[in-house]
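I opened my notebook to write down what I looked up, one entry at a time. Here is the model I worked from.

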Amino acid sequence: MTPGIVPPFLLDRLASTDDPRLARAAAAARKTLAIPRPERSTRTRLRLSIDGGALVAETAPAPDRVISDAGNSERLPGRRVRTEDDAPTGDRAVDEAYDGLGATFDFFWDAFARNAIDGAGGSLSATVHFGDDYDNAFWNGERMVFGDGDGEVFVGFTRSLSVIAHELGHGVTEAAGGLEYQGQSGALNESLSDVFGVLAEQHARGQRADEASWLIGAGIFADAVQGVALRSMSAPGTAYDDDVLGADPQPAHVRDYVETDDDNGGVHINSGIPNRAFFLLATRLGGFAWERAGLIWYRTLTSGTLPLTADFAAFAAATRATAAAEYGEESEEVDAVRAAWAGVGVGEDATT
């Protein structure tokens, strides 16, 4: 099974349904589960802005995007169909992937001065129309890969910027040294991608923390699905409650931590706990969430000191140390980090 934005437990539920109205979706889920994971120059641009009535011109890195079309096959990379500076093609998936990669690039540069996913200006590659009714999107270590969905439950993974940025976020985590994709470190791996996903979307929309939806994957469900997104960072466990997909199983507090052997120890489930912690931090600090809350999480990930097997407690301690280094031990940011983790039952001030 290829890891991706759609958790395997959701695909398992869909694959086992005998609802005749979802026959195509069930078959698509079974095919998606069966497909194995495929093997896996710096540009600049001129940016203009207004500062105090004066026109300011500055150079900044530019993305180098390459979009390919698999033609509903399972072969990568597929036929190259759009590259940097090309005009829109009219193919919705191609153009949404191109725009989403660009928006994610802009977010990482504007928020963290990170030049592309590898931090060194590497190309951003994506393949669309992967597989036949393929119900997922994933990062394969080299490129983004998007299925088209089955049309009955999932309707297109390029429609959500949070999905695109989430998967590219896995590339950032890999480049930073990685987090073992198992148990709590795996849940942190997933949560970091969710953080980058919502922040990229908020950045593109110019939203402050209190204006954002905090949803991952809004827009990829068909209208018949009883749900708004794959996950909610503000209220884990509330994103969907559907007759076929079941109820969102994410906990929001460590007292409800799910012990399971499935999904690499529940990495897509228990990520709700650090997701909620980040939401609490961002909304307590206010303003644009990438400016302080996001910076603390990003600096912690890229510090070079985070253990591959870091659990929630280790990551909480690391974020507190990062906040102290960035803003001072007695700062508002340190207090907010401590309170955010305490709110989900992690750390010395944890609530029950």
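Before anything else I noted how contact is defined: heavy atoms within 4.5 Å. Axes are lines fitted to C-alpha atoms, for helices over the stretch in contact, and angles run from 0 to 180 degrees between N-to-C directions. Helices (H or I, at least four residues) and strands (E, at least two) are DSSP runs, numbered from the N terminus.

The model is predicted, so I kept in mind that local features need pLDDT of at least 70 and side-chain atom pairs pLDDT 80 or more, while totals for chains, interfaces and linings use all residues. Residues are numbered from 1 along each chain as its sequence is written, and side-chain values use heavy atoms, with hydrogens and water left out.

The open sheet has five strands in the order 4-3-5-7-6, with mixed pairing. Strand 4 and strand 6 (137–139) are the edges, and each pairs on one side only. Neighbouring strands in this sheet are turned by 20° against each other on average, direction ignored. Two strands count as paired if DSSP finds at least two bridges between them.

**Entry: strand 3 and its partners**

How many bridges join strand 3 to strand 5? I found five, and the two strands (strand 5 is residues 124–128) run parallel. Arg 65 has Leu 124 as its bridge partner in strand 5, and Val 66 stands opposite Ser 125. With strand 4 (residues 79–83), strand 3 pairs in the antiparallel sense over four bridges. There, Asp 69 stands opposite Arg 79.

Next I checked burial, where buried means under 20% relative accessible area, exposed over 50% and partly exposed in between (1.4 Å probe, protein chains only). In strand 3 (residues 65–69), five of five residues are buried. Arg 65, Ile 67 and Asp 69 are on one side, Val 66 and Ser 68 on the other, so both faces are covered.

**Entry: helices on the sheet**

Which strands does helix 3 lie across? I listed strand 3, strand 4, strand 5 and strand 7 (144–146), and helix 3 runs at about 155° to strand 3. Helix 4 (residues 161–175) packs on the sheet too, touching strand 6 and strand 7, and its direction makes about 20° with that of strand 6.

**Entry: helix 1**

I wrote down the buried residues of helix 1 (residues 8–15): Pro 8, Leu 10, Leu 11, Leu 14 and Ala 15. Down the helix axis they fall within an arc of 155°, so they line one face. (The arc is that of the directions from the helix axis to the C-beta atoms.) They pack against helix 2 (23–34) and helix 6 (263–270).

**Entry: rings**

I counted 19 aromatic pairs. Rings of Phe, Tyr and Trp (its six-membered ring) pair if their centres lie within 6.5 Å; planes under 30 degrees apart count as stacked, over 60 as edge-to-face and the rest as tilted. Phe 107 and Phe 112 are edge-to-face, 5.4 Å centre to centre with 75° between the planes. Phe 108 and Phe 112 are tilted, at 6.2 Å and 55°. Phe 108 and Phe 112 both sit in helix 3 (residues 92–112), four residues apart, about one turn, and both are buried.
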